[in-house]
Amino acid sequence: MNRPQPRPAAPTRRTVVLAGAGTAAALLAPASAGSAAAATGDRTGGARQPYASYWFPDSLPAGDPGDGVTWRSLKAWRPESDPDLAFNTSAVPLAERFTPVPVNTTARTGQARITSLVAFGNTAGNPSQGSATADTYALNHWAYIDELVFWGGSAGEGLILAPNAPVVDAAHRNGVPVLGTVFLPPVHHGGELRWTRDLVQRDGAGRFPLAAKLVAAALAYGFDGWFINAETEGGDAALGAEMLAFVTDLRARGEAAGLRITWYDAMTVRGEVGWQGALNAQNTALFEQADSMFVDFRWTPATLAASGRAAEAVGRSRYDLWAGVDVESTGWNRSVDWDAIIPAEGPHTVSYGFYRPEWTLNHLPDDRTPGQFHAADQRFWTGQSLDPARPDRAGGWRAPATAVADRSTVDRLPFATTFNTGHGLRWYEDGRVSSDSEWNHLGLQDRLPGRRWVVRTEGRTPSVAFDFTDAWRGGSSLLVDGDLDAPATVELYGTRLPLTRRTVVELTHRTDTESGPVTVELAVALHEPDRPGDPIAYTCVPAGELRAGGTGWTTSTLRLNSLSGTVRALGVRLTAAGPVRWRLGALAVRDTARTPSAPAGLRVTGASSGAGGTDLRFGWHRAPAAPRHYELHRVLPDGTRRFLGGTCGTAFFVPGLRREPGEKSARFQVRAVGELYTTSGAASVAHRW
């Protein structure tokens, strides 16, 4: 891919490297710890910020690592001795997806798909459990993504990067597999051919120990495979043959566990680095041993057409090829020959892959807000019309919603959402602020509406957006804002929800003070349209009238026992005469309301103190019946609870805690949260100051 990775920025921690007989073990010590022993976290009582794991294949670079970097060998890695394993392990299984009838006539089913290569941070700087800022790339347009690559790797940090748990949990909830990255960089970016040879080394029995380690890491952390990007020059035919044998072995080992391999079009079967921009004789053997191949940006209309035919000639789908689209620097301003990939007329040629779509965040000014990010991100994925039912293909940008059918995982009860995007300026519980600190954690992200935003009206169209100034739960709510002169139906979810006589829908909603009265109805569809682009036929169920200046958030419980069959789509219909600012804080569809069982064994597994306060590591035992996630609170001396964070796993890190006046011990509680956002009883622990 020939793209350098930046070095970590702030020197927030120092590195201690311990080397021994043929192996290397590296430990990070907090700046305040004063000794290497304090760096080992769980095992010696210290606490440090856990990060996503990254490694060199075996041998380490010469010299010393930079600030904030740990040099590790994957060959020496063992899951049982990994102090950060619990922080980096995904807890959400990969959901199954279905494809509703497309909302427009241009989006295709069963043709081009999309992969997305995203750098969520520097290789050495991906926190395992979110961080204390809302300024983050909160990826959320999962409906159009078929595979996510957790992009990273650099010669100064490490070449192999495993995804962090929050990203994997969010992706899995939406049916998207996540791949780690193996990046062997070009020489002019610090690459050394010995690292390629390290990767494909054989043991005494002729096996590939690093292939076994890559599979073991994916299984231990719970992600879905690897993106292999070998770009270090200087190889020969013998090395090319070993790389092919390595990829063959890696796929064979991973297939039984459902792991995926994507090969990047760089190294050829001759061992040389030669970006083909095509599937051809130089890389077909490698493609045949992978699940897909990312075609380098050098493609042309002719090479893509030939590549599609070449894939089919070896018995593979042409849509197993991702044509690279580099949006890192210019985003939707990138000049792309879209008709070469996804022709407006006729079948799509191949699939395509975005390189660095986090441009939607990075191109904004430094004082950007979450709302500004989501507005830019929606334009990237939906198009300039901001309505996938009215696709805009007049300009140079062909947004995914105009070409690729959206997918959904909302296919079973119970289903609930609080429209939480996985980051926020505050944390809300039951409409009240329980932490006024910024936060991000993609693992807490809800399943969000896939089509943003389809609004059906005969009058003026209101705006629809995620809003961060008020919420029922989490960090955001859905805000409909406009001057209505006719009923407006906002389509939300494509679903496959079975109805029973007990099924109810709960809407938690409110109006802002600037709003006039609004009549709210739940829009329920029991059938999909016959053809793409046809409107959905909804049955509307009254949910009441809301007036500004009322009692705040209201939960309307609607019984659907007059309906039968399967709910195929859900939305809301608003009727008003004048200005409306209406918020939807939560939507739940259920037969019964269950409270999850409580976790047990909450404990402090590591503590470190310094000028910035006390850092604590927590662990607990998993609650029965797999809750949606867990939430950790601090109990203040006056008895109130302050939200510290949440995670789908059973370990969490909290930095910078300070003693409250008169407090001898800090008290903490963890609760399980179910799919309907009901909460369990608490497990408790105290930490003496």
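# Exercises on helices and salt bridges

R531 is exposed, with 54% relative accessible area (exposed means over 50%, buried under 20%, partly exposed in between, with a 1.4 Å probe and protein chains only). The model is predicted: local features need pLDDT of at least 70, side-chain atom pairs count only at pLDDT 80 or more, and totals for chains, interfaces and linings use all residues. Residues are numbered from 1 along each chain as its sequence is written, and side-chain values use heavy atoms, leaving out hydrogens and water.

**Exercise 1.** Find which residue meets R531 in a salt bridge.

Solution.
- A salt bridge is a side-chain nitrogen of Lys or Arg within 4 Å of a carboxyl oxygen of Asp or Glu.
- The side chain of R531 meets that of D534, at 3.1 Å from N to O.
- D534 is partly exposed, at 23% relative accessible area.

**Exercise 2.** State where E242 and R202 lie, and why their pair ties together separate parts.

Solution.
- The closest N and O atoms of the E242 and R202 salt bridge are 2.8 Å apart.
- E242 belongs to helix α5 and R202 to the loop between α3 (193-199) and α4, so the pair ties together parts 40 residues apart in sequence. Helices are DSSP runs of H or I with at least four residues, strands are runs of E with at least two, and both are numbered from the N terminus.
- E242 is partly exposed at 24% relative accessibility, and R202 is partly exposed at 39%.

**Exercise 3.** Describe the packing of α4 on α5.

Solution.
- The axes of α4 (residues 209-221) and α5 (residues 237-255) come within 9 Å and cross at roughly 35 degrees. Axes are lines fitted to C-alpha atoms, for helices over the stretch in contact, with angles from 0 to 180 degrees between N-to-C directions.
- On the α4 side, L210, A211, A212, L214 and V215 make the contact; on the α5 side, F246, D249, L250, R253 and G254 do (contact means heavy atoms within 4.5 Å).

**Exercise 4.** Determine how many residues of α2 are buried, and what they pack against.

Solution.
- In α2 (residues 165-173), 9 of 9 residues are buried.
- These buried residues pack against α1 (85-88), β5 (147-150) and β7 (178-184).
- Just after α2, G175 has a positive phi of about 80 degrees.

**Exercise 5.** Say whether R113 and D146 are buried or exposed.

Solution.
- R113 and D146 form a salt bridge, with closest N and O atoms 2.7 Å apart.
- R113 is in the loop between α1 and β4 (114-118) and D146 in the loop between β4 and β5, 33 residues apart.
- Both residues are buried.
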